[in-house]
Amino acid sequence: MSIALSNIAWLEPVVKIAKGENVAENAQLIIKSVGLPLAGILVFLLVWHAAASNINTSLGQFPGPADVVEQSQSLWTEHLTEREKAEAFYERQEKRNADRVANDPSYVPKIREYTGKPTYIDQIGTSLVTVLSGFLLASAIAIPFGIVIGLSANLYSAFNPVIQIFKPVSPLAWLPLVTMVVSALYVSDDPMVAKSFVTSMITVMLCCLWPTVINTAVGVASIPKDLINVSQVLRLSYLEHVRKIVLPSSIPMVFTGLRLSLGIAWMVLIAAEMLAQNPGLGKFVWDEFQNGSSDSLGRIMVAVITIGIIGFLLDRIMLMIQRRVSWDKSAALR
Amino acid sequence: MNPLLELTDVGIEFPTPNGPFCALQNVNLKIKKGEFISLIGHSGCGKSTVLNIVAGLYQATQGGVVLGGKEVNEPGPERAVVFQNHSLLPWLTAYENVELAVKRVFKGKKSKAEMKEWIEHNLELVHMSHALHKRPDEISGGMKQRVGIARALSMEPQVLLMDEPFGALDALTRAHLQDSLMEIQKELNNTVIMITHDVDEAVLLSDRIVMMTNGPSATIGEILDVELERPRNRIQLADDPTYNKYRQQVLSFLYEKQRKPDVEAPAKKAATSESKTEKVA
Ligand SMILES: Nc1ncnc2c1ncn2[C@@H]1O[C@H](COP(=O)(O)OP(=O)(O)O)[C@@H](O)[C@H]1O
Ligand SMILES: [Mg+2]
């Protein structure tokens, strides 16, 4: 999957070979763009396999590639079984309700939620929702803030030290504070979302704000003087200036920041979920660790690889959006 | 007739780390409606500073500028500027770049259809109708400058300010643009102040050439009235004695009266000053 997404260029030579153009040359191109990454992955798998069989832990041997394949299959089967159970549950409930309504027409049927254990796939879903909420919230704060301080050299000088101090703070340091604050402020009998979700999301937000703030501010501050003169000659108002000149002109830098932020958000999320016990991938890893069965290490390894692939995909998606909205086509985006 | 634009005792001091730097002093100039003025002088003497003061982008520290009876103290579309390096918004097409200005200036005065027509008309004037929907990075330097001129013209400015508009272009493209500008000027009869470092360009285009002394505290040295019939043709003028007399007068001001100090002392001539002096040619 990584090959296809990172380098679609290999499709072109395939098409050309199919048409019978420069077969030898294009075959070489394919070998380069597909063969080399495959070879790299193969070498990695071999080294991993060899190393794994030599590492023994209290929970058994370190999982090799084969264990990971096995565990991912079993996680998938568990997911399917759980889904079937849920479906059966709802079916039973519907039938019961229908019966009751038939007996007593005044009865208003109630649907109770299925409360099974979240599957691995559900946990991936929760993680994605949490990370995206935190990231979107951070962007909604960071971009306007970055613009405002980028437009004024004085504000920038004033806030820069604060930004530089908070930027390197680890999520583990924020988490206890956030947990306490959320517990104190987020009180409701019927909460819309779980406290652990809010805690994880806010921790993610606090950690991934900064790259977007800094890059947006730098992008805004480096708008060419000529464009600012144009805006002044046209006497654009502050808001129009931001909308017509500042935003478009700093879009490339804003996206550089957003991509960095999303990368950080995803990394922070796993740690936050572990500690906040938000039902996502981080909690999955933690639970498996606490569980300590012979399958646990293999399952954690599946999570590690899933985390890597999702992180990579998130970055590619951002890159695709960046390519679409960026006017600076000459800039090499990778 | 009253002058449209009047600079009275204009001077400016820039604060620098080594104390205030007096760039201009006692600049006095009256410009009539429809006049085409060139500002010429050695690089760094303060031509752009004069233009920026008229544009309202800089504030004079002495004296002031009056346009049509009103003092100038901030930028505005009635004093449109054509900048040296086009300064088009790179994310907008030629049409959209002009549209931005037209929408700003004629909001509520022109209907949507009238605006569209006006934008296309101005791009037509500069012969850019074939590339309305191209972005700046898809057109040549000369074309970008044409769009920049169209944008300025579309604001129907009282004065058109141009800071070395053709300075970054090759000789052939520059000649084309000069011809276009003369054509436009014949039709619209705008009031124009143009900075140039090209003596031929100054004589060919201007009604008056304002020659500036070297800075610091630069001021106007001489003003030359160019009384050549219009329309002017560069080929016929090439061996016109009056044309050559004007040319010679400007050259003598620049290279005899206002000889740059670093030209007189070749020993001190560094690579940077070399490129500076070559600009005036
Ligand atoms: N914003 C500024 N701050 C300080 N000095 C300036 C500023 N703008 C121009 N100058 C100085 O004023 C002088 C004239 O500059 P300028 O008008 O750009 O010259 P020209 O356009 O004739 O080449 C130069 O010595 C330049 O260094
Ligand atoms: Mg200049």
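**View 1. The two domains of chain A in this predicted model.** Chain A is divided into domain 1 (1–51) and domain 2 (119–329), with bounds that come from an automatic or database domain assignment. The C-alpha centres of domain 1 of chain A and domain 2 of chain A lie 34 Å apart. This is a predicted model, in which local features need pLDDT of at least 70 and side-chain atom pairs count only at pLDDT 80 or more, while totals for chains, interfaces and linings use all residues. Residues are numbered from 1 along each chain as its sequence is written, and side-chain values use heavy atoms, with hydrogens and water left out.

View 2. Strand β4 (residues 62–67) of chain B is joined to β5(B) by two bridges, and B:L67 stands opposite B:K70 in β5(B).

**View 3. The largest nonpolar core.** A nonpolar core is a set of buried (under 20% relative accessible area, 1.4 Å probe, protein chains only) Ala, Val, Leu, Ile, Met, Phe, Trp, Tyr and Cys residues joined through side-chain atoms within 4.5 Å. The largest one holds 151 residues, and those touching the most other members include B:L5, B:L7 and B:V250. Leaving aside neighbours within four places in sequence, B:V250 is in contact (heavy atoms within 4.5 Å) with residues including B:I40, B:V199 and B:L224.

How values were computed
Chains lettered and ligands numbered in written order. Pairing = 2+ DSSP bridges. Helix = DSSP H or I, 4+ residues; strand = E, 2+ residues; numbered from the N terminus. Buried < 20%, exposed > 50% of the residue type's maximum accessible area, 1.4 Å probe, protein only.
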